[in-house]
Structures are given as C-alpha cells and as structure tokens.
Amino acid sequence: MNCAQSCQAVDPEATFTEKRDGRPVPLSLCVPETGGPVSSIDIDITDDCNLACTYCFRGKSKPQSMELGVAFRAIDWLIAASRDLKSIKVTLFGGEPLLEFEKIKIVVEYGKRRARQWGKRIHFG
C-alpha cells in the first residue's frame with residue numbers, strides 16, 4: 001500500500017478539521033494564537049515493542065498503533081502551526097516505531113508531499 005492508496009478518501013488539498021462539541025472546526029483555528037511558531041512534533045506511531053526492557057515507561061498494556069488519518073492530521077497541524085517557518089521536523093516515536101515500517105513510509109511520503117505544497121522542508125527522525 002502506498003500513500004495514494006491510503007489517502008483515497010482524503011483530499012490531499014484539503015485542510016483537515018477537528019471536532020469540538022460535535023461540530024467541525026477548521027484546522028487553522030486549532031493552532032495556538034499566542035507564542036511562537038511550532039517547529040517540531042513527536043508522533044507516537046505505535047506503542048508496540050519487540051523487547052521487554054524492565055525499565056520501559058510504556059508498561060505492559062495492550063499495544064496500539066496510530067491510524068494513518070491521525071498521523072496525516074498531525075502533519076497538517078504542524079504545517080499550519082509552523083506559520084512562516086520554512087523547515088519543520090517530525091520525530092517518529094513509540095515503543096519501537098520500525099515495527100510499523102510500512103505505515104512510516106506512507107506517513108513520510110504524505111508529509112513530504114504536503115510540506116512541498118506549502119513551500120516547506122520537512123525532516124523525519
């Protein structure tokens with residue numbers, strides 16, 4: 001599966017909305033009005049892990065993975081919240097994010113495309 005297949009129901013030109021009180025709110029209104037621009041976010045792509053470290057802060061709960069749409073909205077939010085910054089960064093975090101490598105490839109492809117549409121550079125780590 002690639003980004004185009006995953007985004008079939010998502011208009012790549014759209015500005016995503018979030019819901020407040022059951023009503024859609026434009027993404028631009030979800031960006032803080034005070035403070036400086038946001039230059040980076042962490043996306044917890046999964047909390048699943050293939051190790052069993054005794055010191056892990058994640059605990060032993062049932063592993064969950066982020067839905068692609070949530071990751072896409074997070075990237076769109078970062079682009080909006082970065083205002084006029086030309087360079088932004090996304091850190092892929094989790095239990096062991098590489099357990100979701102196929103999903104990561106889709107998210108990176110989406111992020112690069114959206115950043116390019118807005119004249120920004122996006123870095124993933």
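His 123 sits in strand E5, which spans residues 121–124. The model is predicted.

**Around His 123.** The residue is partly exposed because its relative accessible area, 41%, falls between the 20% and 50% cut-offs. Leaving aside residues up to four places away in sequence, His 123 touches Ser 87, Ile 88, Lys 89 and Val 90. With Ser 87 there is also a side-chain polar contact of 3.1 Å. Gly 111 is 12 residues from His 123 in sequence, and their C-alpha atoms are 9.0 Å apart.

**The core.** The largest nonpolar core holds 23 residues. Ile 43, Ile 75 and Val 90 have the most contacts inside it. Four elements are listed as giving two or more residues to this core: strand E3 (40–46), helix H2 (68–81), strand E4 (87–94) and helix H3 (101–117). H2 gives the most, with seven residues. Val 90 links back to His 123: the two are in contact. Other contacts of Val 90 include Ile 41, Ile 43, Ile 75, Leu 78 and Ile 122.

**The aromatic pair.** The count comes to one aromatic pair. Phe 72 and Tyr 110 form this pair, and it is stacked, with 4.1 Å centre to centre and 25 degrees between the planes. Phe 72 belongs to helix H2 and Tyr 110 to helix H3, so the pair ties together parts 38 residues apart in sequence.

| Residue | Relative accessibility | Class |
|---|---|---|
| Phe 72 | 1% | buried |
| Tyr 110 | 1% | buried |
| His 123 | 41% | partly exposed |

Terms used:
Residues numbered from 1 in each chain as written. Predicted model: local features only at pLDDT ≥ 70, side-chain atom pairs only at ≥ 80, totals over all residues. Heavy atoms only, no water. Buried < 20%, exposed > 50% of the residue type's maximum accessible area, 1.4 Å probe, protein only. Contact = heavy atoms within 4.5 Å. Polar contact = N/O pair within 3.5 Å; in protein donor to acceptor, adjacent residues only side chain to side chain. Core = buried A, V, L, I, M, F, W, Y, C linked by side-chain atoms within 4.5 Å. Phe/Tyr/Trp six-rings, centres within 6.5 Å; stacked < 30°, edge-to-face > 60°.
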